Amino acid sequence: MEAELAALAGAGASAVVQAMATDTWADVRLRVSELFRRAAADAPAEAAAETPAGAAAAEEPSPAAPPESSDEVTARWQASLRSLLEQHPEAAAELRALCEELTQEAAGEAAGEVADRLSDDSADGPPTGPDSHPVPPVHNSIVGGTQGHVIQAASINSLTFQASSPQSALPDPDGWPRAEDVDPVALGVRPTHRIPGLPALPPYVLRDRDDALIAAVTRAREAGGLVLVLGEPFAGKSRTALEAMAQGLAGFRVFAPARGADLRGLPALLQGRPGRYVLWLDDLDGHLGDAAGGGGGGGLEPRLLSQLTALGVTVLATMREDAYDEHRHAPHGRVLDLATVVELARERSPAERARLAHRAGRAGDPRLVDALCSSGPEGAAAYLTLGPLLWDEWWRARRADRHPRGHALVRAALDLARCGLHGPLPMDLLTKVHEGYPDVTGMDREPLADAREWATERRHGLLRFLVRGTGDTWRVAPFLLEAAERHETLPPVDGRIWRYALAVARTDDTYDYPAIAATAREAFRRAAEAGDSAALHHLGLVAESLGERAEAEEWFRRAANAGRPESAGRLGRILADRGEGKAAEPYLELAAESGDAEAATLLGKLLRERAERWLRAGWKGGNPEAAHLLGDLLLGAGDEDGAVSCYLDAIRTGYAQVAASFATVNYLWGSREVARVWYRRAADAGDRRAAEALLHCFRKEQSAAATDKDFWAHVGDGHPLAAANMGALLELRGQAEDARGWYERAYESGDPYGAFRLAELHKKAGEPAEARAWYRKAAALGHPGAKRALDEEDGTVIV
């Protein structure tokens with residue numbers, strides 16, 4: 001038996017030494033080392049202590065050690081193998097199988113070398129020359145017995161094996177984290193929104209494929225191998241795989257190399273270590289064969305996977321479906337054939353959404369609640385992980401060199417949604433609102449069409465900033481609205497935008513106006529407490545829209561006293577409507593001075609009323625100037641009789657300055673000669689208006705052609721009353737049929753006089769039904785004559 005073991009040890013040593021000079025040496029070395037390791041692991045403690053360090057025989061010689069000859073190397077291997085076989089006879093079968101395999105490989109390589117040499121020799125002949133030496137013939141004879149490997153050579157020179165050590169660049173496995181302790185974000189899980197007081201990631205929600213994945217990981221735990229989680233981008237592959245690793249590979253130490261790292265040294269690094277290990281390769285396409293190492297061949301390939309599997313290493317990886325399809329049939333992708341593949345869908349199934357709802361309810365994590373309520377076909381994982389990325393993209397786009405107009409369009413929809421308008425909104429409204437952001441600059445550099453395209457395009461093929469409704473209506477993506485609630489960088493909604501929101505909510509039954517108004521009121525209260533005087537005005541508007549006139553008046557008063565002219569105008573109107581004209585005047589004047597035309601008009605009316613009151617007092621007191629000015633006020637208001645009374649009283653006192661005014665009222669009454677006398681008196685006294693009246697009022701009637709020219713000029717200039725006037729001119733000339741077209745044109749442009757004249761024409765033609773219909777149309781546009789006609793027809797007494 002000892003002779004047989006000695007022969008086997010010699011054959012094994014010869015085979016190992018022969019393999020040192022071939023490309024298979026790395027594989028042979030690992031297999032022999034594994035043979036020694038298993039023998040040591042199976043031996044009792046006392047025997048293990050005596051087991052020869054077979055691995056030492058396989059180690060590379062120290063750089064400082066002198067080179068060894070082939071005989072010395074063979075003798076060292078033979079001694080180690082002999083010692084192994086004596087202490088562990090059961091290793092003989094494995095060593096014998098290794099020898100037979102190496103013999104076959106060596107025979108094939110030798111045959112190829114001989115053929116090459118014969119070819120070279122036949123072409124070139126025997127070597128000659130001063131440096132050539134005759135090669136003595138080599139003979140070999142084998143007599144009887146069973147022989148192992150035979151080395152046949154003319155001479156064996158000294159050989160030194162100093163291969164590089166890839167494992168030297170790999171970190172010490174003792175420092176690798178355990179599977180249950182790894183940080184998922186550090187190993188490739190994309191972060192979600194961070195919420196103070198909550199973990200970096202929301203709780204994991206079970207997927208339908210978890211059972212299959214755990215089963216695959218459990219099998220790999222026992223026998224090693226590659227488990228690959230395959231799916232679309234943002235399907236949650238990394239999180240799902242790491243959860244399976246924490247559950248199925250607890251206690252394993254995890255190595256997560258950088259993309260493209262050289263992994264060839266891993267087997268030697270882990271050889272003989274007592275622990276269990278898992279290799280984590282997120283995005284496996286970055287770790288495949290030559291594709292990983294840039295041609296260096298340091299990535300995962302079948303032989304390396306086999307070596308790791310032999311060491312009991314579990315390789316857990318993720319990969320995108322498109323990358324899998326790309327690399328599947330490439331030479332560096334052959335290792336994918338050896339993987340146990342678990343596919344993960346991006347969109348959640350009904351069962352998964354039910355589990356998400358249950359988990360969200362139990363955990364109380366708002367991120368899960370948001371994903372449950374707002375995610376769609378893109379899946380909850382994509383919703384959670386893309387949200388922070390897209391928020392950052394949108395927020396940075398406000399810079400002038402990015403997409404400021406696109407940012408502002410999205411912000412308009414976002415702010416209106418923050419006001420409570422969650423439904424789709426017309427793009428015209430968003431366009432109006434987006435122009436008013438003072439902190440967004442450079443919008444003139446980006447055309448509106450480009451901004452709209454940027455705001456509505458899909459990101460990563462999944463999510464948009466603006467989501468289309470029906471027609472040209474859009475709403476902000478839910479993930480932006482939910483993110484806005486967590487970001488302190490986004491300013492509060494401006495009062496200008498609240499006004500737009502309240503105007504929409506007041507006219508759209510889709511929205512609960514009182515609820516939106518209540519939210520607006522609270523926002524304005526906070527702003528007012530912070531010293532924003534504009535918020536005081538907005539509080540007044542909200543109260544006014546809700547019919548709370550007393551509260552509205554108080555807010556407007558506070559805002560007006562703080563210098564807000566728009567509030568002063570509102571307060572002035574309230575006071576004037578209540579009959580407190582004198583109290584309203586200072587507020588209306590403040591508003592009028594700031595450009596409020598309505599306030600200026602109302603102030604003028606109030607002042608005219610006051611002026612009439614005091615001028616009337618002066619007239620009654622006998623002052624002719626007061627009588628004259630009061631007459632002008634009354635004439636302008638249509639009270640011709642009252643005006644004549646005032647003018648006559650002034651004339652009786654000899655107040656000649658009343659001449660032009662008295663002439664005007666006589667001209668209106670048709671007393672042309674009387675009017676001409678009084679106009680001449682005033683003109684001779686230097687009254688320019690009287691001189692112009694004499695020139696224009698008493699000349700010949702202008703021709704029809706000149707009249708036509710004037711009216712057509714008004715039509716050409718687009719005067720809003722020109723169409724109805726043209727119709728009236730034609731009607732006066734007896735061209736009623738021609739007038740109808742102009743009246744209809746006037747009505748269509750919004751002039752109620754056109755509808756009124758059509759009603760009159762139908763009435764003259766004996767068509768009461770048609771006349772009434774047109775009276776109603778004219779009255780609906782506010783024509784007083786049409787209202788009066790309808791009231792008379794209904795028998796209503798007009799006071």
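1. Let me start with a pair: A736, R740, Y743, E744, A746 and Y747 of α34 touch G754, A755, R757, L758, L761 and H762 of α35. By type, the residues of this contact split into seven nonpolar, two polar and three charged. Do keep in mind that the model is predicted.

2. As for the geometry of that pair, helix α34 spans residues 736-748 and helix α35 spans residues 752-764, and their axes come within 7 Å, crossing at roughly 145°. The crossing of α34 past α35 is left-handed.

3. Next, have a look at helix α31 (residues 688-697), where A690, A693 and L694 are buried. These residues sit on the same side of α31 because they cover an arc of only 100° around the axis. R688, R689 and L695 are exposed on the other side of α31. The cover over the buried residues of α31 includes α29 (659-668) and α30 (672-684).

4. The start of α31 is worth a glance too. D687 caps the N-terminal end of this helix, with a side-chain oxygen 3.0 Å from the backbone nitrogen of R689.

5. Finally, helix α17 (residues 427-434) has M427, L429, L430, V433 and H434 buried. Their arc around the axis is only 155°, so they lie on the same side of α17. D428 and K432 are exposed, on the face of α17 turned away from its buried side. What do the buried residues of α17 pack against? Their partners are the helices α16 (404-418), α18 (448-456) and α20 (495-507), together with the strands β6 (425-426) and β8 (473-476).

Definitions and conventions
Residues numbered from 1 in each chain as written. Predicted model: local features only at pLDDT ≥ 70, side-chain atom pairs only at ≥ 80, totals over all residues. Heavy atoms only, no water. Axes fitted to C-alpha atoms, helices over the stretch in contact; angles between N-to-C directions. Helix = DSSP H or I, 4+ residues; strand = E, 2+ residues; numbered from the N terminus. Left-handed = near helix turned anticlockwise from the far one by under 90°. Contact = heavy atoms within 4.5 Å. Nonpolar A, V, L, I, M, F, W, Y, C, P; charged D, E, K, R; others polar. Buried < 20%, exposed > 50% of the residue type's maximum accessible area, 1.4 Å probe, protein only. Arc of directions from axis to C-beta. Polar contact = N/O pair within 3.5 Å; in protein donor to acceptor, adjacent residues only side chain to side chain.
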